[in-house]
Amino acid sequence: MTDFENIYNQYFKDVYRFVLSLSRDTTVAEEVTQETFFKALSSIHQFKGHCKINVWLCQIAKNTYFSYSEKQKRFVAHDITEAASENSIEKLLLDKEEAFRIHKALHGLEEPYKEVFTLRVFGELSFAQISQIFEKTESWSRVTFHRAKRKVQDLLKED
């Protein structure tokens with residue numbers, strides 16, 4: 001138990017910030033982070049050490065957040081109210097029909113393009129953070145994101 005307490009103390013802030021970048025809501029981030037560590041504690045025996053523990057925790061957090069979001073969608077219609085940046089894809093997300101087209105195109109992408117694009121656009125993670133999650137270089141995350149973005153744009157032109 002002391003080992004897990006050390007893991008909790010060492011990685012809580014990182015996992016919390018990661019979830020906060022996905023949710024943009026401190027209450028949701030706290031709830032999902034707590035749920036993440038609960039799940040990690042109950043399945044610590046499954047951790048094989050094939051990746052860094054913080055990567056494993058962030059994967060659990062990401063899946064927990066997406067599950068949480070899906071449950072919330074059933075109860076509350078979610079309107080996009082934030083202003084998008086100058087990026088044309090982000091502008092298109094404001095229109096629900098266009099957002100559906102983008103998600104449909106994104107669904108057709110292969111990994112790692114799909115996840116890198118999602119983490120960058122929807123999770124608003126930096127390239128440095130994405131590179132840490134994938135245990136790759138920052139330039140790899142930049143190149144992969146730009147390739148994914150181009151693939152999404154090409155798919156939108158075909159649609």
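Which residues does Thr-33 touch, not counting those up to four places away in sequence? In this predicted model, they are Phe-12, Val-15, Tyr-16 and Val-19. Thr-33 itself has its place in helix 2, which covers residues 26-42. Because its relative accessibility is 0%, Thr-33 counts as buried, the limit for that class being under 20%. A further relation involves Ile-60: this residue stands 27 positions away from Thr-33 in sequence, and the two C-alpha atoms are 9.4 Å apart in space.

From this one residue we may turn to the whole chain. The protein contains eight helices and zero strands. Read from the N terminus, its elements therefore follow the order α-α-α-α-α-α-α-α. There are 159 residues, and 38% of them count as buried.

Helix 6 comprises residues 113-121 and helix 7 comprises residues 127-134; their axes come within 10 Å and cross at roughly 140°. The crossing of helix 6 with helix 7 is right-handed. On the side of helix 6, the residues in contact are Glu-115, Val-116, Leu-119 and Arg-120, while helix 7 contributes Phe-127, Ile-130, Ile-133 and Phe-134. Sorted by class, this contact consists of six nonpolar residues and two charged residues, with no polar ones.

Ser-141 counts as buried because its relative accessibility is 0%. If neighbours within four places in sequence are left aside, Ser-141 is in contact with Val-116, Phe-127, Ile-130 and Ser-131. Of these partners, Val-116 also takes part in the contact between helix 6 and helix 7, as do Phe-127 and Ile-130.

The spaces between the atoms complete the picture. A search of the whole structure finds one cavity of 30 Å³ or more, and the volume of the largest cavity is about 30 Å³. Its lining is made up of Phe-18, Val-55, Cys-58, Gln-59, Lys-62, Glu-115, Leu-119 and Ile-133. Helix 3 and helix 6 are the elements that give two or more residues to this lining, and helix 3 provides the largest share, with four residues. By class, the residues around the largest cavity are five nonpolar, one polar and two charged.

Two or more lining residues come from each of helix 1 (2-23), helix 3 (53-75) and helix 7. Helix 1 supplies the largest share, namely four residues. The lining of the second largest pocket has five nonpolar, four polar and two charged residues.

Methods
Residues numbered from 1 in each chain as written. Predicted model: local features only at pLDDT ≥ 70, side-chain atom pairs only at ≥ 80, totals over all residues. Heavy atoms only, no water. Axes fitted to C-alpha atoms, helices over the stretch in contact; angles between N-to-C directions. Left-handed = near helix turned anticlockwise from the far one by under 90°. Contact = heavy atoms within 4.5 Å. Nonpolar A, V, L, I, M, F, W, Y, C, P; charged D, E, K, R; others polar. 1 Å grid on protein atoms, 1.4 Å probe; cavity = no way out; pocket = protein on both sides within 12 Å on 5 of 7 lines; lining within 4 Å. Points joined across faces, edges and corners; volume = space filled by probe spheres on them. Buried < 20%, exposed > 50% of the residue type's maximum accessible area, 1.4 Å probe, protein only.
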